[in-house]
Amino acid sequence: MDNKSSTPRITCAYLSQYVGKLVTVVGKVVQLRGEEATIDADGTIHAFLNREAHLSANNGVQLIGKVNPDLSIKVLSSVDLGQGVDYNLANAVVEVTHRYKPLFVYEN
Amino acid sequence: MAGQITQGALDAMFNDPDRAQQQFPVPILQCLQIKTLDSKNGGAGATERFRIVLSDLKNYVQCMMATQTNHLVHDGLLQRGCIVRLKQYQAQCLKGKNILIVLDLEVIQSLGCPEKMGDPQPLGPRSAEPQQNPNLGSTGFYGVKSEPTQDTKPQFPRQMPSRNASGGQGSSTIYPIEGLSPFSHKWTIKARVTSKSNIKTWHKASGEGKLFSVNFLDESGEIRATGFNDQVDQFYDLLQEGQVYYISTPCRVQLAKKQWSNLPNDYELTFERDTVIEKAEDQTSVPQVRFNFVNIQELQDVERDATVDIIGVLKEVQEVTQIVSKTTQKPYDKRELTLVDNTGYSVRCTIWGKTATNFDAQPESIVAFKGTKVSDFGGRSLSLLSSGTMAIDPDIPEAHHLKGWYDSSGRNNTFATHNNMQTLGGATGRKDDTKTISQVKEENLGTNDAPDYFALKATVVFIKQDNFAYPGCRSEGCNRKVTDMGDGTWRCEKCQINHDRPQYRYIMSVNVNDHTGQLWLSCFDDTARVIMGKSADELMEIRETDETRLPAEFEQANCRKLNFRCRAKMDTFGEQQRIRYQVMSVAPLDYKMEGNKLNELINSYNQMSM
């Protein structure tokens, strides 16, 4: 099965462009409420977590998930990044990703 | 979005500045047009000036951008249609037309660049509109050709290169220093002498002479002025540091020789025989010092040899030391200080001469420096220029801000330094350029007489497993190869000692790759230890005890991406000449720093392709 897919890195501003698609988000955990989390990735994103997610408030997190029509994210995988995340650098990567889209995103 | 624009601001700014201050302290306007002005009479160093049209939906007005705002256009931030915040301006009426001089402007990027909003009308000169405003008198603006009528506040009319008109200015009107240019024929400035140099004399084949120079400061900016020969006699004693003077034409305005000045002005003044300098009765209306601070974190973006002003909390003060200059054999007093600020970074600053010997500020006081040179020694460090000045606990807002920050949180902070900017702490001061492997080969590094040093970011791909270490002498400082005597002892010929065990030292060949090629590097004991994660002795022991584990050890060390600092040298092996690459030091990657470096590289690609 030739399954070409990509999970481009995005921040809050790009959510609307990827509705229904798989994306990667690096951000800071602002709030945790049961299965729901609020993430700050250059803007606020609501994430619906899965069973394996063990996040801590104020830590960085990398989420991979699908963008819902209401611009929240259904999280499929999460990685706790701890403290000391350089969010400026992470956002810079997102900017570069979109500047050179063909390198990073499969359009189908 | 139209709601964001401060409608009616322009009218107020020109016709009722008091109301403008109260109602529209920071006007928000739309930029309708941007034009570059070619200064045809400019000659060699014509300054680029931009003319823009700003609208508040009700009116529009022509504006001149002060050169310090030019970067907004250069960076592409200011474009047609975008919404801007006018932070500092001067509203004037020249030749019957209202002109706005933009001294500080901020683009509100989040609002984008919409189409022209509203239907703004030109903001006609005051005389065309009926004034309901009683404050008329004190805020009136007078045209260029005018009436020498004095008003209570000094005027700041500005000559613009393209409108190089009649040039006639009443000598009672005062120019801002920022407005001085070779095109202004008649002007008076009111400024304070911030520094005065000693009289310098020179003797050359072409003649001899003397000169002195001063720096003048007013609210708009600073400019350097020099007096030669006769003017030294005329003005040297008259001009005192810290005093305010009126300086009037004739006085030459020329392009500045930047190597002699630490001021950002494009121009400088030269006194002439008829230049008029008078002491001002009012000594207070001119600022004392003007700083353009860079915070310590931003220093890493400043080029070496640039001149900056800096303010910080004094964290450490060293003792005064004396060094003798190798070139002139003269002794110099120096003292090193460490400054920190609220960006979380620290930097060393060196002061010289009297400033160093007489330095008595206590740690934790706020020190501001004007005119420090940036060097890349140890990443980034500062040196106070002889033309620079230092102020301890100055009464300026930045100082209070820093004091507040330090008292509340800064005191206990640990501070980052820029030391990791040079790829591997080159305290030797050698410039390590980071190269790719293809660059190392193409540039034939190592073929010159002197060895070439470079930095490399690469991945270990293969480690040669045979002969990775040799038995070395155990004596302190001696690394000579010892010979196995056969009776269990190892003899070092240099030290004449027999050891019962050798100290194995690495002599390892590693093959590293990056995206451009591969290179064989040789590592000695200390660097190989970092790569393997074990000492050579330990590794040898594993080889003795359980040989099967050995490949696993090498496997583990393999495929690691590291920062190497290398030396390339030509070596002769019998008849063959080969370039040998030796690793001087190796360090793991600081991902954040490397990430930021890559980001900058990508950004520079963007700029090049534009």
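Which strand of chain B holds Lys435(B)? I looked it up: Lys435(B) is in strand E21, residues 433–435 (strands, E, of at least two residues and helices, H or I, of at least four are DSSP runs, numbered from the N terminus).

Ground rules. I'm on a predicted model, where local features need pLDDT of at least 70 and side-chain atom pairs count only at pLDDT 80 or more, while totals for chains, interfaces and linings use all residues. Residues are numbered from 1 along each chain as its sequence is written, chains are lettered from A and ligands numbered from 1 in the order written, and side-chain values use heavy atoms, leaving out hydrogens and water.

Lys435(B). I get 15% relative accessibility, so Lys435(B) counts as buried (under 20% relative accessible area; exposed is over 50%, partly exposed in between; 1.4 Å probe, protein chains only). Leaving out residues up to four places away in sequence, I find Lys435(B) touching Val440(B), Glu443(B), Leu445(B), Phe454(B), Ala455(B) and Leu456(B) (contact: heavy atoms within 4.5 Å). I also checked Lys457(B): 22 residues from Lys435(B) in sequence, with the C-alphas 7.8 Å apart.

Helix H11(B). I went through residues 549–557 and found Leu550(B), Glu553(B), Phe554(B) and Ala557(B) buried. Down the axis, the buried residues of H11(B) fall within an arc of 95°, so they line one face (the arc is that of directions from helix axis to C-beta atoms). Glu555(B) and Gln556(B), on the other side, are exposed. I see the buried set packing against strands E22 (452–463) and E28 (508–514) and helices H9 (525–532) and H10 (536–545) of chain B. After H11(B) comes Cys559(B), with a positive phi near 60°.
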